[in-house]
Amino acid sequence: MSTENHHRDDRDRRERPKSAAAEPAPPSLVPPPNALPPVRHPDAPAPGELLGSHYDHCFGCGEGQPHGLHLQARAGDGVTITAEFTVQSAHQGAPGLAHGGVLATALDETLGSLNWLLRVIAVTGRLETDFVRPVPVGTVLFLQAEITAVAGRKIYSRAQGRIGGPDGPVAVRAQALFIEVKVEHFTENGRADEIRAVMSDPDQIRRVRAFEVNP
Ligand SMILES: CCCCCCCCCCCC(=O)SCCNC(=O)CCNC(=O)[C@H](O)C(C)(C)COP(=O)(O)OP(=O)(O)OC[C@H]1O[C@@H](n2cnc3c(N)ncnc32)[C@H](O)[C@@H]1OP(=O)(O)O
């Protein structure tokens with residue numbers, strides 16, 4: 001078999017599971033037996049609604065970040081999200097290709113946005129990423145994510161990113177564990193100037209998303 005065919009076979013094998021669910025997960029990403037299905041909050045944005053940015057300076061979604069991802073997430077049915085971002089020249093690692101850390105950021109941001117559907121503030125504890133295909137600059141990466149289970153403060157989720165649209169080839173996949181935190185996580189660890197700026201944001205929804213979520 002030629003090296004090229006050998007590589008193609010390898011990639012086909014890795015792509016065969018169409019859902020991240022079929023991938024074996026490390027123990028800390030497997031929900032414990034007492035985990036419950038996620039419950040969509042009654043005030044969660046309606047399916048199809050754009051979530052908007054939770055913070056103008058967020059590298060993932062903020063409009064105030066010239067080289068950020070400007071990722072736009074949209075609520076789906078149940079506890080799911082879709083999101084898109086276009087890979088820009090500033091996001092390169094290898095020439096002409098997206099940096100893997102940037103792709104992981106896109107997954108992290110999309111997975112983080114899911115927690116808004118529960119109306120819970122949570123931060124990433126663990127993020128495991130599979131890079132399946134190179135992603136060229138100019139690509140629109142289409143991301144789909146869902147929360148699979150909740151166990152106390154632990155929120156289990158998974159996501160995948162496809163090239164070009166919902167039917168495009170899978171380029172990246174992730175499984176994650178988010179941990180619910182209190183507002184003090186940010187007020188005690190963040191920088192005072194930025195926190196003051198967010199608290200005085202006239203956009204009430206954004207202010208609530210950032211710091212005032214009531215589960
Ligand atoms: C503003 C938002 C707006 C909306 C936000 C929308 C987009 C957000 C952007 C994307 C999200 C991010 O990048 S957030 C930024 C990146 N992440 C961070 O900075 C988090 C840094 N880490 C921490 O602050 C801390 O380690 C925490 C909060 C994650 C956990 O500390 P803790 O609160 O003391 O809790 P702890 O007792 O240690 O852990 C609770 C349970 O979780 C488990 N656990 C904890 N960490 C891990 C881990 N890495 N891997 C496996 N399991 C873990 C523990 O075993 C335990 O299980 P058990 O014993 O109960 O079974």
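What share of the contacts in the protein between residues at least 6 apart in sequence join residues at least 24 apart? The share is 66%, where two residues are in contact if their C-beta atoms, placed from the backbone, lie within 7 Å. The structure is a predicted model, in which local features need pLDDT of at least 70 and side-chain atom pairs count only at pLDDT 80 or more, while totals for chains, interfaces and linings use all residues. Residues are numbered from 1 along each chain as its sequence is written.

The protein has five helices and six strands, and read along the sequence these follow the pattern α-β-β-α-β-β-β-β-α-α-α; helices (H or I, at least four residues) and strands (E, at least two) are DSSP runs, numbered from the N terminus. Of the 215 residues, 30% are buried, a residue being buried if 20 or more other C-beta atoms, placed from the backbone, lie within 10 Å of its own, exposed if 12 or fewer do, and partly exposed in between. The feature "domain: Thioesterase" is placed by UniProt, in an unreviewed entry, at residues 96–161; UniProt positions are given in the numbering used here, feature names are shortened, and annotations may be inferred rather than shown by experiment. This span is 29% helix and 45% strand, and its end C-alpha atoms lie 18 Å apart.

The largest nonpolar core contains 40 residues, and those with the most contacts inside it are Ala-106, Leu-107 and Leu-111. A nonpolar core is here a set of buried Ala, Val, Leu, Ile, Met, Phe, Trp, Tyr and Cys residues joined through C-beta atoms within 7 Å. Two or more residues of this core come from each of strand S1 (72–75), strand S2 (80–86), H2, strand S4 (140–151), strand S5 (154–163) and S6, and H2 gives the most, with nine residues. When neighbours within four places in sequence are left aside, Leu-107 is in contact with Leu-127, Thr-129, Leu-143, Ala-159, Gly-161, Val-172 and Ala-174.

S1 and S2 run antiparallel and are joined by four bridges, and two strands are said to pair if DSSP finds at least two bridges between them. Arg-74 has Thr-82 as its bridge partner in S2, and Gln-72 stands opposite Glu-84 in S2. The hairpin of S1 and S2 has four residues between the strands, and Gly-78 takes a positive phi near 60° there. S2 is also joined to S4 by seven bridges, again in an antiparallel arrangement, with Ala-145 in S4 as the bridge partner of Ile-81.

In a regular strand the side chains alternate between the two faces of the sheet. In S2, the covered face holds Ile-81, Ala-83 and Phe-85, and the uncovered one holds Thr-80, Thr-82, Glu-84 and Thr-86.

His-70 is found in the loop between helix H1 (3–15) and S1, and it counts as partly exposed because 18 C-beta neighbours lie inside 10 Å. Arg-119 is found in the loop between H2 and S3 and is likewise partly exposed, with 16 other C-beta atoms within 10 Å. The loop between H1 and S1 also contains Glu-63, which counts as exposed because it has 12 C-beta neighbours inside 10 Å. Not counting residues up to four places away in sequence, Glu-63 touches Ser-53, Asp-56 and His-70; Glu-63 and Ser-53 are 10 residues apart in sequence and 7.5 Å apart in space, C-alpha to C-alpha.

Around the ligand there are 20 residues, of which Ser-28, Gly-112, Val-123, Gly-125 and Arg-126 come nearest; a residue is near a molecule if its C-beta atom, placed from the backbone, lies within 6 Å of it. Helix H2 (100–118), strand S3 (122–131), strand S6 (170–180) and helix H5 (204–211) each give two or more residues to this shell. By class, the shell has six nonpolar, eight polar and six charged residues, where Ala, Val, Leu, Ile, Met, Phe, Trp, Tyr, Cys and Pro count as nonpolar, Asp, Glu, Lys and Arg as charged, and the others, Gly among them, as polar.
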